[in-house]
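Notebook open, new structure on the screen. I'll jot down what I look up as I go.

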Amino acid sequence: MEDFNRKKHWENVYKTKELKDVSWYQKAPKISLDFIAYFKVPKTAKIIDIGGGDSFLADHLLALGYEDITILDVSETALNKAKERLGSDAKRIKWIVADVSNFKPTETYDIWHDRATFHFLNQKQEINNYVDTIQHSINIGGALIIGTFSEDGPTKCSGIDITQYSEKSMNEIVKEHFEKVKCTYIDHETPFNTNQNFVFCGFKKNSYVTYVTDNPIKV
């Protein structure tokens, strides 16, 4: 849908609905926390949560002692709700209002976590932009953690068409620069007592070579 305004859509969602009334509500993001713990990064590691909005992942990361957390979301309303909930702890987090499809990070990260946005990118150019961003924004040896609707999951979310993924198709997209470490399929129980099947995959960023004229440069 060419005239779809992603920012307007999500601002309206967060202005009209409470967090407990949306399908992605998750009081304890166990699978995300398990994947982050799996990579054994230090508490000083730079972690970014893409599409984190008003989720509780930030709360749990702070409680676990992580010190460098960034939350990105296209909806400023969602981020403001999270800040209000966190109170004084909100000052311990970096907040970015941006659309990940054209996000230009100013720093690099040790953990890139995305449970919320990747399956909403349906245009080839948006997906290419995303992949280009993670290639340049995750530190060598860092982790990419993505959770998307699986091929057994929904075809829409919040009234928007999504792209379903399998372990294989997700790996195909990022394998040039990332090594698959592990994947798992889970059922997320919504507040409406329905199940949504997700595939979560963790990848490790490998070193790679870019070329300037005829001289290979290790990045």
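Which residues are exposed on the other side of α1? I found K8, K15 and T16 there; exposed means over 50% relative accessible area, buried under 20% and partly exposed in between, with a 1.4 Å probe and protein chains only.

Before going on, a note on the source: this is a predicted model, where local features need pLDDT of at least 70 and side-chain atom pairs count only at pLDDT 80 or more, while totals for chains, interfaces and linings use all residues. Residues are numbered from 1 along each chain as its sequence is written, and side-chain values use heavy atoms, with hydrogens and water left out.

**Overview.** I counted up the secondary structure and got six helices and eleven strands. These are DSSP runs numbered from the N terminus: helices are H or I with at least four residues, strands are E with at least two. Of the 219 residues in the protein, 49% are buried. I also checked the contacts (heavy atoms within 4.5 Å). Among those with a separation of 6 or more, 67% join residues 24 or more positions apart.

**Helix α1.** Back to this one, for its buried residues: R6, W10, E11, V13 and Y14. At the N-terminal end I found a cap: a side-chain oxygen of N5 lies 3.2 Å from the backbone nitrogen of K7.

**Helix α5.** I checked its length next. At 1.5 Å a residue, its 14 residues should span 20 Å, and the end C-alpha atoms are 20 Å apart, which agrees. The expected span is 1.5 Å times one less than the number of residues. Its buried residues are E126, I127, Y130, V131, T133, I134, Q135 and S137. Among the elements covering them are α1 (6–16), β5 (138–149) and α6 (167–174).

**Aromatic rings.** How many aromatic pairs does the structure hold? I got ten. Rings of Phe, Tyr and Trp (its six-membered ring) pair if their centres lie within 6.5 Å; planes under 30 degrees apart count as stacked, over 60 as edge-to-face and the rest as tilted. One of the pairs is F35 with F200, tilted, at 6.0 Å centre to centre and 35° between the planes. F35 lies in helix α2 (residues 30–38) and F200 in strand β9 (residues 195–205), so the pair ties together parts that are 165 residues apart in sequence. Both F35 and F200 are buried.

I then looked at F118 and Y130: their ring centres are 4.9 Å apart and the planes are at 50°, so this pair is tilted. F118 sits in the loop between β4 (109–114) and α5 (124–137), while Y130 is in helix α5, twelve residues apart. Both F118 and Y130 are buried. They belong to one aromatic cluster, together with F103, Y109, W112 and Y165.

**Lysines.** I found K43 over the face of Y66, at 4.3 Å from the ring centre, and K182 over the face of Y38, at 4.4 Å. Over a ring means NZ of Lys or CZ of Arg within 6 Å of the ring centre and within 35 degrees of the ring normal. Last, K156: I placed this residue in strand β6 (residues 156–157), and K156 is partly exposed at 46% relative accessible area.

Notes:
Polar contact = N/O pair within 3.5 Å; in protein donor to acceptor, adjacent residues only side chain to side chain.
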